Amino acid sequence: MLGFLGLAASIFHLGRPFYAYRTLLGLRTSWLSREVLAFGIFACAATTYVTVTWFDVLLGWQHALGTIAALAGLTAVLCSVMIYVDTRRPLWTPVATTSKFMLTALILGLPTALLSSLFTAAPTNSLTTATILDNYGRPLCRLLLVSVIAKLLVETSIFLHLRSSQHTPHKRSALLLTGELSMVMMRRFFFGIVGGVILPLVLLGEHSLVSGGYHPLFIGATAVLMLGLLLAAELHERYLFFVASVAPIMPGTPAS
């Protein structure tokens, strides 16, 4: 559902959305065309995987379908990466852009998976919240914690260029982030730290903090809040990804 919703929303950034199907005509040369195809395959593969798993059919194919969906999703994200790497902007290097996009997929995917598992456990008696948290929740929270910290470190690495004696594009971007865009940057870090560090630590420490563990409603509300804060954090990060990217200025060209 989320995959198809994203595909439907993506066409509205095109100049002529009614001609969105034409994007597939440039598969040989355009990363945008490849991205559209890859995300389409991902959405279809994920839907097929969920359907056969939900109805418990094609038992021998479920693992293969899940693997295909995951690989298609990763391929689609890599195509998105290449769209920006291909512009040759100094801030959009292959390593930096790939790490940011892949970590975003992890940071938003992990709490979504946890929330989906909790919703699955809610109407059943055989699957409890404690079981979900023990078998899936804690490993997901640990990986989420590592992913968020890694991404924040990647983003703060731009500030190392403030010490540069030359006015490079990287230093200009760092000056933007510490100047005009500083409030956006602070909000991004606040949402990221609370949603991706503090709340996962709360769920990881439930047994040591509360005798018998937290109430299922508290765990569910924490997972919802965690996903909401991380979504806000990643939207801030992606906004900064675009507006803080400074294009090289040609000699004699006035700065915009």
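The questions and answers below go from the whole chain to single residues.

Analyst: The model is predicted, so local features need pLDDT of at least 70 and side-chain atom pairs count only at pLDDT 80 or more, while totals for chains, interfaces and linings use all residues. Residues are numbered from 1 along each chain as its sequence is written, and side-chain values use heavy atoms, with hydrogens and water left out.

User: How many helices and how many strands does the protein chain have?

Analyst: Helices (H or I, at least four residues) and strands (E, at least two) are DSSP runs, numbered from the N terminus. Along the sequence the pattern reads α-α-α-α-α-α-α-α-α. The protein chain therefore has nine helices and zero strands.

User: What percentage of the residues in the protein chain is buried?

Analyst: A residue is buried under 20% relative accessible area, exposed over 50% and partly exposed in between (1.4 Å probe, protein chains only). The protein chain has 256 residues, and the buried share is 36%.

User: Which residues touch the most other members of the largest nonpolar core?

Analyst: A nonpolar core is a set of buried Ala, Val, Leu, Ile, Met, Phe, Trp, Tyr and Cys residues joined through side-chain atoms within 4.5 Å. The largest one holds 43 residues, and those that touch the most other members are Leu 114, Leu 144, Val 148, Leu 177 and Met 226. At least two residues of this core come from each of α3, α4, α5, α6 (169–178), α7 (182–204) and α9 (216–243).

User: Is Ser 147 buried or exposed?

Analyst: Ser 147 lies in helix α5 (residues 129–156). Contact means heavy atoms within 4.5 Å; apart from neighbours within four places in sequence, Ser 147 is in contact with Leu 103, Leu 106, Ile 107 and Leu 110. Because its relative accessibility is 4%, Ser 147 counts as buried.

User: How are α1 and α2 oriented to each other?

Analyst: Two packed helices are described by the angle between their axes and the distance between the axes. Axes are lines fitted to C-alpha atoms, for helices over the stretch in contact, and angles run from 0 to 180 degrees between N-to-C directions; under 35 degrees counts as roughly parallel, over 145 as roughly antiparallel, 65 to 115 as roughly perpendicular and the rest as oblique. Helix α1 (residues 2–10) and α2 pack at about 155 degrees, with axes 9 Å apart. The two helices are therefore roughly antiparallel.

User: Which residues of α1 and α2 make the contact?

Analyst: From α2 come Phe 39, Gly 40, Ala 43, Cys 44 and Thr 47. From α1 come Gly 3, Phe 4 and Leu 7.

User: Is Ala 38 buried or exposed?

Analyst: Ala 38 belongs to helix α2. Leaving aside neighbours within four places in sequence, Ala 38 is in contact with Ala 72, Thr 75 and Ala 76. With a relative accessibility of 9%, Ala 38 counts as buried.

User: Is Arg 88 buried or exposed?

Analyst: Arg 88 sits in the loop between α3 and α4 (94–121). Its phi is near 65 degrees, a positive value in a residue other than glycine. Because its relative accessibility is 63%, Arg 88 counts as exposed.

User: What is the phi of Asp 56?

Analyst: Asp 56 is placed in the loop between α2 (31–54) and α3 (62–85). For this residue, which is not glycine, phi has a positive value, near 55 degrees.
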